[in-house]
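Subject: Handing over the structure

Hi there,

Here is the structure I promised to pass on to you. Please open it alongside this email, and then read on for my notes.

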Amino acid sequence: MLNLEKLKYPIGKFEMPENVSQQELEQWIIQIKSLPERLRKEVQKLKEEQLNTPYRPEGWTVRQVIHHLADSHMNSFIRIKLALTENNPVIKPYYEKRWAELPDSLNFPIASSLAIVEGVHERWGYLLEQLTEEDLKKTFIHPGINKEFTIKESIGTYAWHGNHHLAHITHLKETKNW
């Protein structure tokens, strides 16, 4: 029997620690910086049929997950830059499920999204390494969930997010013996 919750959240849901150590923050930044290489390693030899396989029943295909990572992480990078340059900006949410149903997410080759992830993460990682303790406390408001996020929270969330979707792919590969 399938454990749908385990398929949805193979590494568990993100929980923001009450106090984030410098070591934890550095680890998150390393995870963000290394995602492109880890992602490319897992998907570079997949065939079209495998890319079009959902990671769980009624879930996204591997192709959609890769395009989603590019879409989502571009948005996160921009949100952090907004928080660094404006006073507690209200960011623009987007309908990620709807984006995943657009033709470029359903049918387009993954190479461009892998390149986007690589470029965004290279710049994002560099920027994150330069932030001061004051920068990490800067905030933005997400109106879709009516919550204020610090940049530090966003770093943890997106380190988890990359690992979360990478685990969807690796778990599927293990299950299918690819």
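Below is what was found in it, taken topic by topic.

A word on the basis of these notes. This is a predicted model, in which local features need pLDDT of at least 70 and side-chain atom pairs count only at pLDDT 80 or more, while totals for chains, interfaces and linings use all residues. Residues are numbered from 1 along each chain as its sequence is written, and side-chain values use heavy atoms, with hydrogens and water left out.

**Salt bridges**

Side chains of opposite charge can pair when their charged atoms come close. The term salt bridge is used here for a side-chain nitrogen of Lys or Arg within 4 Å of a carboxyl oxygen of Asp or Glu. Searching the whole structure gives nine salt bridges.

One of them joins the side chains of E48 and R63, at 2.5 Å from N to O. Because E48 lies in helix α3 (residues 48–51) and R63 in helix α4 (residues 62–85), this pair ties together parts that are 15 residues apart in sequence. Helices here are DSSP runs of H or I with at least four residues, strands are runs of E with at least two, and both are numbered from the N terminus. R63 is buried, with a relative accessible area of 1%. (Buried means under 20% relative accessible area, exposed over 50%, and partly exposed in between, using a 1.4 Å probe and protein chains only.)

Another salt bridge is formed by the side chains of E133 and K152, at 3.1 Å from N to O. This pair links distant parts of the chain, with E133 in helix α8 (residues 133–137) and K152 in helix α9 (residues 151–176), 19 residues apart. E133 is partly exposed at 39% relative accessible area, whereas K152 is buried at 16%.

E153 and K147 also meet through their side chains in a salt bridge, 3.2 Å from N to O. Here E153 counts as buried at 17% relative accessibility, and K147 counts as partly exposed at 33%.

**A buried arginine without a partner**

Do have a look at R79, which lies in helix α4. R79 is buried yet has no salt bridge, and the nearest side chain of opposite charge, E96, is 7.5 Å away. (For charge, Lys and Arg count as positive and Asp and Glu as negative; His and the chain ends are not counted.) Not counting residues up to four places away in sequence, R79 touches I91, K92, P93, Y94, F140, H142 and Y158. Contact means heavy atoms within 4.5 Å.

Leaving out residues up to four places away in sequence, S76 touches W124, S154 and Y158.

S105 has its place in helix α6 (residues 103–106) and counts as buried at 2% relative accessibility. Aside from its neighbours within four places in sequence, S105 is in contact with R63, Q64, H67, D71, W99 and A100.

**The hairpin**

Strand β1 (residues 139–142) and strand β2 (residues 147–150) pair in the antiparallel sense over four bridges; two strands pair if DSSP finds at least two bridges between them. T139 has T150 in β2 as its bridge partner. The two strands, β1 and β2, form a hairpin with four residues between them, and N146 in the turn has a positive phi of about 50 degrees.

**Aromatic rings**

Five aromatic pairs turn up in a search of the whole structure. Rings of Phe, Tyr and Trp (its six-membered ring) pair if their centres lie within 6.5 Å; planes under 30 degrees apart count as stacked, over 60 as edge-to-face and the rest as tilted. Ring pairs link F14, W28 and W160 into a cluster.

Finally, two charges sit over rings, which calls for NZ of Lys or CZ of Arg within 6 Å of the ring centre and within 35 degrees of the ring normal. R98 lies over the face of Y95, 3.9 Å from the ring centre. The charged end of K147 sits over the ring of F149, at 4.4 Å from its centre.

Enjoy exploring it!

Best wishes
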